[in-house]
Amino acid sequence: MATPFIVVADRGRLRMFSVETVGPRHRLRSLADVQPIASHLKIGEKYTDQAGARDNSGDALNAKGTLEKPRIAIEENKRLLEWLGKNITTLLREHGAENWMFAAPPEVNNAILEYVDSALKTRLTKNISRDLVNSDIENVAKQFGISLQAPPGTPVR
């Protein structure tokens, strides 16, 4: 059986692991841990015409941007989910993934998968709607049913 891969993501981080068998044990090896820079910036830091520029809300003739902010936030979210899906596709192709598992928070899980290549989606063996991106490796493995411990009675080398 081919080495499975685990991908965990949320709006601000993407992590990928390979599941490796070493003797009677399994281990997760980190292959990627990336964060889109734009996800950490405020809208005002991304879209200004000059450093420190702000809306002049006291002037009715100059009320620019106040109605645009919700639309900008929706577009930013869409672009971020697309970035995550395309990066998942790239990482899985780079490592020749034959099967993989995925976890993301329920509110973005399916939206991220919409941007993953359809051929790779058919190889998805397990999908968990849970935020595991900041979890330790043991918890990530446990959530996917992978035991990192040696079976009882196995000698430790």
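How many helices and strands make up the secondary structure of the protein chain? In this predicted model, the chain contains five helices and five strands. Read from the N terminus, the elements follow the order β-β-β-α-α-β-α-α-β-α. Of the 157 residues in the chain, 33% are classed as buried. The accessible surface amounts to about 9,900 Å², and carbon and sulfur atoms account for 50% of that area. When contacts between residues at least 6 apart in sequence are considered, 61% link residues at least 24 apart.

In soluble globular proteins, nonpolar side chains tend to be buried together. In the present model, the largest nonpolar core comprises 21 residues. Val 7, Ile 88, Leu 92, Trp 100, Phe 102 and Ile 112 have the most contacts inside this core. At least two core residues are supplied by each of the strands β1 (5–10), β2 (13–22) and β4 (100–104), and likewise by each of the helices α2 (68–94) and α3 (109–113). Helix α2 gives the largest share, with six residues.

The surroundings of Ile 88 illustrate how this core is joined. Leaving aside residues up to four places away in sequence, Ile 88 is in contact with Val 7, Leu 14, Trp 100, Phe 102, Ile 112 and Val 116. Among these partners, Val 7, Trp 100, Phe 102 and Ile 112 are, as Ile 88 is, listed with the most contacts inside the core. Another core, of 15 residues, lies apart from the largest one. Its members include Leu 28, Ala 103, Ala 141 and Ile 146.

Definitions and conventions:
Residues numbered from 1 in each chain as written. Predicted model: local features only at pLDDT ≥ 70, side-chain atom pairs only at ≥ 80, totals over all residues. Heavy atoms only, no water. Core = buried A, V, L, I, M, F, W, Y, C linked by side-chain atoms within 4.5 Å. Buried < 20%, exposed > 50% of the residue type's maximum accessible area, 1.4 Å probe, protein only. Helix = DSSP H or I, 4+ residues; strand = E, 2+ residues; numbered from the N terminus. Contact = heavy atoms within 4.5 Å. Areas by Shrake-Rupley, 256 points an atom, 1.4 Å probe, with all protein chains shown as cover.
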